Amino acid sequence: MFSKFQSLPSYFGGKRKLVKYIFKPIKKTEGVFIDAFLGGGSVSLYAKAKGYKVIANDIAFRSVIIGRALISNNSVKLETEDLARLFLKAKHDGFIRKNYCPKVFTSKIADFLDNAIVNARAVENETKRHLLLHLLIKFILSCRQFGKFTHTRDTLDLEARKWEWPLRSKSHAPKNLRMIQNPMMTLEKLKDEINHGVFDNHQDNEVHQKDVFDFLKKVTGDVAYFDPPYPGSSSYEVEYGILDNILAGKKLDNKPSSFSNKDADEFLERMFESAKHIPQWIISLGQNKEDVGVKPDKLLAMVQKHRKAEVQMLDHKWSVSNAGGRGQSDNIEYMIVTI
Ligand SMILES: C[S@@+](CC[C@H](N)C(=O)[O-])C[C@H]1O[C@@H](n2cnc3c(N)ncnc32)[C@H](O)[C@@H]1O
């Protein structure tokens, strides 16, 4: 696997394992690569390493942080002094402790995060600020089992100082230990992982935070990659609702994206209509169950209304978020490639 991926957080629906298939059918080996749904950043980071000018977009601030830390940033790295800054005593309202302790975080980690988020937000240099927020996203997800917010039993036990269950297995123990250790131990390691992903590809890469339709109206480039939320699957706003609230410092309405709707066809049609000026399209989609979401033939027909295209079925095991979940056999993953 591409070693710079270690700089990214684990992200639901991330495409680390698929990048070699995504880039193979792209006709232009240089020029502008548009990533309309940046997510956890894996496709943009890979495109950046290949030397494309990357123009990335996502509606969510959580993704834009990742992008500004690693895609549009060609040189700024994190230093140990930057980490020390997170521990300075800051004025805060205890939002995380009040709302997410002890189910999501132990009090030790909630207190650290309440303080650290305020300090990170106050950093004047924009790139450094996004790097520190990115570090905190990685930290938060690295404390949570499967990078999700749903498993609460371990944290409740840790807070009650019952160690036996949380430290029961090789897979659970490392994450749970982070909930009781000094955060600096984890932050130093994550800092090095992040710095490994900071490099200069000699392009002026851009990251935008827009609804995809507004983004497509203005952007131009050689190839666009579309990786929208899969219709009918769990929405990003729900999966990452707690993370989004923490980054905002308040409870948001976390309304699911229209692309997560069971009948997202209309949005996909509109998206292709808005992307007519971009010469090549690569679209990723999948189904968790046969009768949910958009079937490959249906998406192919939508794309063929605009240009010649073909389907490529992928044998993909969801890389990160499904690690502890149910069996994989119902999942299909495919790409539509314009030719
Ligand atoms: C499948 S993920 C992208 C994963 C990414 N390719 C990766 O490898 O990590 C889909 C992303 O679409 C974003 N999104 C959802 N609705 C959107 C919209 N209307 N406009 C732009 N982005 C949107 C979500 O925030 C989410 O990050």
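Me: Why are H7 and H10 called oblique to each other?
Reply: In this predicted model, helix H7 (residues 126-143) packs against helix H10 (residues 183-196) at an angle of about 120°, and the axes are 10 Å apart. Roughly perpendicular covers 65 to 115 degrees and roughly antiparallel begins over 145, with the rest being oblique. So H7 and H10 count as oblique. Their crossing is right-handed.

Me: What makes the contact between H7 and H10?
Reply: H7 brings Leu 131, His 134, Leu 135, Lys 138, Phe 139 and Ser 142, while H10 answers with Pro 183, Thr 186, Leu 187, Leu 190, Lys 191 and Ile 194. Sorted by class, that's 7 nonpolar, 3 polar and 2 charged residues. Leu, Phe, Pro and Ile count as nonpolar, and Lys as charged.

Me: How do you know which residues belong to domain 1 and which to domain 2?
Reply: The domain assignment puts 3-74 + 200-237 + 253-338 in domain 1 and 80-196 in domain 2. Their C-alpha centres lie 28 Å apart. Domain 1 gives 16 residues to the contact and domain 2 gives 14. On the domain 1 side, the ones touching domain 2 are 6 nonpolar, 7 polar and 3 charged.

Me: What makes residues 318-328 a stretch to treat with care?
Reply: For the protein chain, mean pLDDT is 93, and 96% of residues reach 70 or more. Over 318-328, though, pLDDT stays under 50. The model does have 18 contacts beyond four places in sequence for residues 318-328.

Notes: Residues numbered from 1 in each chain as written. Predicted model: local features only at pLDDT ≥ 70, side-chain atom pairs only at ≥ 80, totals over all residues. pLDDT = per-residue confidence, 0-100. Contact = placed C-beta atoms within 7 Å. Axes fitted to C-alpha atoms, helices over the stretch in contact; angles between N-to-C directions. Helix = DSSP H or I, 4+ residues; strand = E, 2+ residues; numbered from the N terminus. Parallel < 35°, antiparallel > 145°, perpendicular 65-115°, else oblique. Left-handed = near helix turned anticlockwise from the far one by under 90°. Domains from an automatic or database assignment.
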